[in-house]
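Subject: Structure handover

Hello,

Here is the structure for you to look through. My notes follow below.

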Amino acid sequence: MKITQFHKWLTFLILFLVFWFVLKSQNQNHFVVFLPIYAIIAFGLYSLGFIFWRVTHFPTCDNATEKLREDIKEAEEDLKKRGYKPPQKKKEK
């Protein structure tokens, strides 16, 4: 059986909740009571950092760019053969 990402997160969540309930039952420290809220904030910050990292290090594919340009040119030529006239661009003053 393959463990999916959902199962990993669900296991982590269950372990976290068990750990939190044990700590909460032993003492009523301010940090322990609000630990789930701190965990959600930490997860949000981690998610934002991960998204920022992936966006800034987005891979570029030069071959794919050239292939896309060729496909666009082929599509334009095909449309011209079929009699399509593209709208004229308006000149700005």
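Helices here are DSSP runs of H or I with at least four residues, and they are numbered from the N terminus. Isoleucine 14 sits in one of them, helix H1 (residues 5–26).

This is a predicted model, in which local features need pLDDT of at least 70, side-chain atom pairs count only at pLDDT 80 or more, and totals for chains, interfaces and linings use all residues. Residues are numbered from 1 along each chain as its sequence is written, and side-chain values use heavy atoms, with hydrogens and water left out.

Confidence

pLDDT is the predictor's confidence in each residue, from 0 to 100. The chain has a mean of 86, and 97% of its residues reach 70 or more. Confidence is lowest in helix H2 (residues 30–33), with a mean of 80, and highest in helix H3 (residues 35–56), at 91.

Leucine 35 belongs to helix H3. Leucine 35 is buried at a relative accessible area of 11% (buried is under 20%, exposed over 50%, partly exposed in between, with a 1.4 Å probe and protein chains only).

Surface patches

Patches consist of residues with over 30% relative accessible area and no salt bridge; like charges are joined within 9 Å, and nonpolar side chains (Val, Leu, Ile, Met, Phe, Trp, Tyr) within 5 Å. Phe6, Leu10, Leu13, Ile14, Leu17, Val18, Phe21 and Val22 make up a nonpolar surface patch with about 730 Å² of accessible area together (Shrake-Rupley method, 1.4 Å probe; for residues, only the protein chains shown count as cover). Isoleucine 14 is partly exposed, at 47%.

A negative patch is formed by Glu70, Glu74, Glu76 and Glu77 (Asp and Glu count as negative, Lys and Arg as positive; His and the chain ends are not counted). Glutamate 77 lies in helix H4 (residues 62–81) and is partly exposed, at 48%.

Salt bridges

Three salt bridges were found in the whole structure (a side-chain nitrogen of Lys or Arg within 4 Å of a carboxyl oxygen of Asp or Glu).

- Arginine 69 and glutamate 66 meet at 3.3 Å, N to O. They are three residues apart in helix H4, and therefore about one helical turn.
- Lysine 67 and aspartate 71 also meet at 3.3 Å, N to O. Both lie in helix H4, four residues apart.
- Arginine 82 pairs with aspartate 78, the closest N and O atoms being 3.1 Å apart. Arginine 82 is exposed, at 67%, while aspartate 78 is partly exposed, at 34%.

Regards

Key
Helix = DSSP H or I, 4+ residues; strand = E, 2+ residues; numbered from the N terminus. Charge placed at Lys NZ, Arg CZ, Asp CG, Glu CD.
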